[in-house]
Amino acid sequence: MPRSKNRNKTYRPRQVKIPGILDNLPVSPAIVQRLNSDMSNRMLRLRLAGCNGKDLATLVVCFGEAWLLAGLMEQGAELRQKLEAGVDALSKDILKGSADLHGSTYDTLLDLTTLTSAIVATSTKKEYLLACERIKSDGVVPFVDDFLVVLAQANLLEVFNSSKPPKSDAH
C-alpha cells in the first residue's frame, strides 16, 4: 500500500487591509484624557515649583502638535496664530527673567493647554499620530525650535549633541 506524504503546511492568516474608515475615527477620549492629565500635571508642577525647563519644553511640544493639527482645520490660521502668539509671549517673559508662573504667564499657558486639548479632541487619530511623528523632526514647527533655544539661553534646559552620549563623571 502506498504511503501518503506528510505535508508541512503551516497556517498563515490572510492579510486584511484596514478599511479607510478606521483611519478617520476621531481621537479616542482615553487619548484626550491622557493628554489632559499630562498637561495638567506639568502645569501643577510649574505652579508649585516654578520654572522647570523640561515641563515647559514638553508643553510647548504639545502646542506644536496642536499647531500642526490646526493647519488642517477651517479656522486653522487663527488657531495657529493664537498658539504662536502665546508661545512668543512666554519666550519673551523667560528671556526677561520675569516668567512669574503665578501671573499672566501661567494664564497664557492655561489658555494654550485648553486650546490644545480642544484641537486634539476634534482631530482624527491618524492626523494626531502623524502630527506626533512630524514634530520630532527639526524645523517642522518654527516656534517650538525657537522656544527650545530660549530655554537653553535661560539655562532652563540642558542641550547636548545627540550624536554623542553625554559625558558622565563616573570615570
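Is Asp38 buried, partly exposed or exposed, and what is its relative accessible area? In this predicted model, Asp38 is partly exposed, with a relative accessible area of 29%.

The chain contains 7 helices and 0 strands, so that, read from the N terminus, its elements follow the order α-α-α-α-α-α-α, helices and strands being runs assigned by DSSP. Of the 171 residues in the chain, 33% are buried. The accessible surface amounts to about 12,200 Å², and carbon and sulfur atoms account for 53% of that area. When contacts between residues at least 6 apart in sequence are considered, 74% of them join residues at least 24 apart.

Helix 4 (residues 76–96) packs against helix 7 (residues 142–153) at an angle of about 10°, and the two axes are 10 Å apart. Because angles under 35 degrees count as roughly parallel, helix 4 and helix 7 are roughly parallel to each other. On the side of helix 4, the contact involves Leu83, Glu84, Val87, Leu90, Ser91, Ile94 and Leu95, while helix 7 contributes Phe143, Phe147, Val150, Leu151 and Gln153. Sorted by class, this contact has 9 nonpolar, 2 polar and 1 charged residues.

Turning to charged side chains, the structure holds 5 salt bridges. Among them is the pair of Arg42 and Asp38, with an N to O distance of 3.2 Å. Both residues belong to helix 2 (residues 29–49), where they sit 4 residues apart, about one turn of the helix.

Asp55 is buried, with a relative accessible area of 2%, and Arg45 is partly exposed at 40% relative accessibility. Asp38, Arg42, Arg45 and Asp55 are linked in a network of salt bridges.

Asp88 pairs with Lys92, the closest N and O atoms being 3.5 Å apart. These two residues are 4 residues apart in helix 4 and are therefore separated by about one helical turn. Asp88 is partly exposed at 39% relative accessibility, and Lys92 is partly exposed too, with a relative accessible area of 48%.

Key
Residues numbered from 1 in each chain as written. Predicted model: local features only at pLDDT ≥ 70, side-chain atom pairs only at ≥ 80, totals over all residues. Heavy atoms only, no water. Axes fitted to C-alpha atoms, helices over the stretch in contact; angles between N-to-C directions. Parallel < 35°, antiparallel > 145°, perpendicular 65-115°, else oblique. Contact = heavy atoms within 4.5 Å. Nonpolar A, V, L, I, M, F, W, Y, C, P; charged D, E, K, R; others polar. Buried < 20%, exposed > 50% of the residue type's maximum accessible area, 1.4 Å probe, protein only. Areas by Shrake-Rupley, 256 points an atom, 1.4 Å probe, with all protein chains shown as cover. Salt bridge = Lys/Arg side-chain N within 4 Å of Asp/Glu carboxyl O.
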